[in-house]
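Take a look at the sequence and the model first.

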Amino acid sequence: MVAAAAVWFIERAVRPPGPRPAFQLPVACGETWRLSTYPGHGEFDVDLYPTSGETWGRPVLASFGGTVVRAGINGRLGERTPDDPDGEMGRGGGYWVKIDHGGKWSTLYLHLLEPPMVREGQRVEMGDQLGRLGSTGESSAPHLHYEQQRGGEKVETHFAGEPSTITHDEEEYAVNRVSGNCP
């Protein structure tokens, strides 16, 4: 029994990642959002901002189906809210969600406004609401910090099969994309 468990673990640990899931922008269908980064942000880290309308409280959606493996607080929340956008900044990712999509692929959603609407162990489908956009944790303004990971390592995000073109943080950079996260 122990030997079988060891073989299963070793095979799972060394098996290469599966193909990239068909990730979509983690926001409502048809909306245009600005994907950006800045010096010191981190390679492959993407911040998303809507190009029109209110930012605070916008729905944050699963970019692909999977299982929620983290849902809660990462770091210290701080005190930034829609009523006090200049409140004390927190540390870390604030309210956040991490989804395992299988094949060693996962996504992270940070700086949510309030506790996530999903719980650890819950199965979600693409387009399911995870929470609302906020500015908790180490965040200077309301936005969604988003990452795609392969085998536990951050990689360039792709949406609708297209690369985001955000691959480094050596300079400020932004690109607009339209969400195809449609039912």
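**Charge pairs and a charged patch**

E31 and R58 join their side chains in a salt bridge, with N to O at 3.3 Å; a salt bridge here is a side-chain nitrogen of Lys or Arg within 4 Å of a carboxyl oxygen of Asp or Glu. This is a predicted model, where local features need pLDDT of at least 70 and side-chain atom pairs count only at pLDDT 80 or more, while totals for chains, interfaces and linings use all residues. Residues are numbered from 1 along each chain as its sequence is written, and side-chain values use heavy atoms, leaving out hydrogens and water.

**Salt bridges**
- The structure holds six salt bridges.
- The E88 and R76 side chains also meet in a salt bridge, at 3.0 Å from N to O.
- E138 forms a salt bridge with R91, and their closest N and O atoms are 3.5 Å apart.

**Exposure of the partners**
- R58 is buried because its relative accessible area is 14%; buried means under 20%, exposed over 50% and partly exposed in between (1.4 Å probe, protein chains only).
- E31 counts as partly exposed, at 24% relative accessibility.
- E88 is partly exposed at 43%, and R76 is partly exposed at 38%.
- E138 is partly exposed at 40%, and R91 is partly exposed at 46%.

**Negative patch**
- E79, D83, D84 and D86 form a negative surface patch; patch residues have over 30% relative accessible area and no salt bridge, with like charges joined within 9 Å and nonpolar side chains (Val, Leu, Ile, Met, Phe, Trp, Tyr) within 5 Å.
- E79 counts as partly exposed, with 48% relative accessibility.

Definitions and conventions: Accessible areas come from the Shrake-Rupley method with a 1.4 Å probe; for residues, only the protein chains shown count as cover. Lys and Arg count as positive and Asp and Glu as negative; His and the chain ends are not counted. The place of a charge is taken as NZ of Lys, CZ of Arg, CG of Asp or CD of Glu.
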